[in-house]
Every structure is written in structure tokens, then in C-alpha cells.
Amino acid sequence: MDRSSKILVTGANGHVGFNLVKMLLEDGYSDLRVSVRDKDDPAKTGALTGLGVTDFVSLDVRDSDTFRNVCTGVDVLFHVAATYRFHTGGADADAELIKDSMDGVRSAMTAAAENKIAKVVLTSSVVTLPTVTDGDIWPDEGKWNDQTSVPYVKAKTEAEKLAWSLSDELGVNLVTVLPGAVLGPNFGRGTQSTDFVLAVMKGSMRMGTITARMPIIDVRDIARGHILAAGKDGKGRYILAADQPPAFPKIIETMRDIDPKVPKAMMVVPKAMYGALPFFDWLSNKTLGAPRTITAEVASAFKTGEMLANNSKAKRELGWEPQVTLEQTLRDTMGELKQAM
């Protein structure tokens, strides 16, 4: 990717989008166009303006006509915009989440084809990979998740599959990146991942935690992976995940090392009791004001497997390495959450 390339980043005020824009500018990519839902809303553009961004466009990614127009003259498209939410609140919201994801990808790929964009980098997720149990080989990019009872998992999996189908049909040069659970600074508003950290800070796991590992990866490592995928002629899918994802007890222990006020988990909950996790999640929300993070589908997924992934392809082909430590990632995330509390 040449530094003179015209680049469009969708969802630029989101956690990944903002950090990607920041890193692109720091790397000398100055011809940036960024999309937000409403470019006239200072709440959506203020932080980006502070980075030096001047080329803003308003974009609902489901609007194919507008998407096509804002892609005029673009060489590289980073399609980051997406809804990241496990706990949506109901069946209608679940269906809308899936539809939005599919429509957004369809609009992006069509716009890229019609504008002859040289490369599209799509932000997918490790949730598109199958979960594993003890002793299983960690999945690589050749695997797909066929357990899609969690609406967010279904949305990301079907949307990425659609992107690859349209890539073949329309002749679009596509690469996808599959990050783990995104934490780190500059998120502006809470995400499902930062909600988990906030919930722990508020005491949602004081009665007990689980043994599963969480595929935490710092947003700065993710941003770097996007740029490498665009610039090193990457092909196919790339997993951006930690070498050794931490288990929940380790996450809580690290958070307590950073801030001893974080409540300690009294026990490790046996898998036979995972079905009760959504109730305790609800109870923590009502009594502690902790964000909702666990649905029945999510609890069931934790019971049957873990989100672990083989990142060797990204290392081998892109020269990517996770560089930010778990302690630094949690420290930066917690610091920003404290400022907002």
C-alpha cells in the first residue's frame, strides 16, 4: 500500500476504526477519508478531528448508493464498521444485527467493484472459527464456525462468507482479518469487550468466575495487522489473536494487580452451573449497574468450547506479532473506563 493511496475507513469513530485511523496517520498515510453515521455530529467526529482528519463522509453502510458514491477515487477500503454486541435484548434486535452485517458487506463489496478499488480489507472476527476443547488443534484460517446460535457469531460468519462469495463473483481483491476480543485505549464509547472489563470492575464476578480462556488482543496490535494485511499483498484470511489467551481467573488477577479495588472472584464456577450465568449477569446488572454481557447462548458456548486460534499465518506472511502485553492492555482499558465512570 503506497503512502499516496487514497484510503477510506468505515466506522472510523469505533474502537478499531479510530485506532486504525490514528496508526495510518502516524505511519504517513495522509490521504484519508473516514466515514461515520453523521459527519455533522461533533460527538462522532471530534476525536478524529483532533487527529487531523479533514475528509469526513456520512455513511449508513447498508445504503449501497451512498457507499458507492463515497468510494469514488478510493484505492484501499478498510471496511471496519459493524455492530459488536452479544446481548442485543431480543429476537427482533438479533435479526436486525444479522441483516445489518450482511447488508453492510454487500454494499461494501459492490461499491468496491464499481469503483475498481485495488484492495478491500474487511474486519471479521475469531468468532467465525470453530471453538475448541482441551486437546483439540487450534483452528486456522481454513476453518469455519458452524455453531451459530449466538446472533453475533452468525452475523460475522455469514457476512464474511458473503464477502468471499462476492469477491469471486465481482472480482474484488479482498483480505479479511479476524481479531480476538478487542481491548485497549481510544474506544470512546463502550463495546462488548470493554463492557466485560467494566462489569468485572463493578463486581460482576465476585461470586465466581469461569475457567475458559478469552482471546484478548490489543486494539493497537489489531490496527497494525490491518495495515500489514493491506500493504504486504496479503491474501485470504488472517487471524489476529494472542499467542496464549488468558483464562478468566488470570484476567481478574491482572486487573486486581492494576487496581486492588477490583473485587476478587470467590470461586471458579463448575461447568454444570454455566446455565445459571445469564441469571447472575442479570442480577449484577440490577444490583451493581454492571453491563449485560452473557446470554443463554453465550453461556452454552462457553460450556462446550473456547475461542482459541492459530495466528501463525499472520506471523509468517505478514510479519505480524502481538506486541502489547495483557497488563498494558487492561491498564489502558481500565484507565479509560474510570475516566468515564
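Mentor: Gladly, and let us begin with the whole before the part. The protein has an accessible surface of about 14700 Å², and carbon and sulfur atoms account for 50% of that area; accessible areas come from the Shrake-Rupley method with a 1.4 Å probe, and for residues only the protein chains shown count as cover. Please keep in mind that this is a predicted model, in which local features need pLDDT of at least 70 and side-chain atom pairs count only at pLDDT 80 or more, while totals for chains, interfaces and linings use all residues. Residues are numbered from 1 along each chain as its sequence is written, and side-chain values use heavy atoms, with hydrogens and water left out.

The protein holds twelve helices and nine strands (DSSP runs numbered from the N terminus, helices being H or I with at least four residues and strands E with at least two). For 341 residues, a compact globule would have a radius of gyration near 20 Å, and the 19 Å of this protein agrees with that (the radius is taken over C-alpha atoms, and the globule rule is 2.2 Å times the number of residues to the power 0.38). Along the principal axes, the C-alpha atoms fill a box of roughly 55 × 40 × 40 Å. Of the 341 residues, 53% count as buried (under 20% relative accessible area, with exposed meaning over 50% and partly exposed in between, for a 1.4 Å probe and protein chains only). Among contacts (heavy atoms within 4.5 Å) between residues at least 6 apart in sequence, 80% join residues at least 24 apart.

Ten of its eleven residues are buried, so helix 6 is largely enclosed by the rest of the structure. The buried ones are Gln192, Ser193, Thr194, Asp195, Phe196, Val197, Leu198, Ala199, Val200 and Met201. What do they pack against? Their partners are helix 1 (15–26), strand 7, helix 8 and helix 12.

Now look at the two ends. After helix 6 comes Gly203, with a positive phi near 105°.

Lys338 belongs to helix 12 (residues 326–340), and at 39% relative accessibility Lys338 counts as partly exposed. Apart from its neighbours within four places in sequence, Lys338 is in contact with Met201 and Asp259. Lys338 and Met201 are 137 residues apart along the chain, yet 9.4 Å separates their C-alpha atoms.

Helix 8 (248–258), one of the partners of helix 6, also receives the buried residues of helix 10, which pack against helix 9 (277–288) as well. In helix 10 (residues 296–304), the buried residues are Val298, Ala299 and Phe302. They cover an arc of only 100° around the axis, which puts them on the same side of helix 10; the arc is that of the directions from the helix axis to the C-beta atoms. The face of helix 10 turned away from its buried side carries the exposed residues Ala296 and Thr304.

For contrast, here are a few places elsewhere. Thr157, in helix 5 (residues 151–170), is buried with a relative accessible area of 2%; beyond four places in sequence, its contacts are Val127, Thr128, Trp144, Asn145 and Thr148. Leu59 sits in the loop between strand 3 (55–58) and helix 3 (64–70), and with a relative accessible area of 3% Leu59 is buried too. Among the residues that Leu59 touches are Thr10, Val36 and Phe67. Lys116 is in the loop between helix 4 (91–114) and strand 5 (119–123), counts as exposed at 73% relative accessibility, and has a positive phi of about 50° without being a glycine.

To return to helix 6, the thing to carry away is that ten of its eleven residues are buried.
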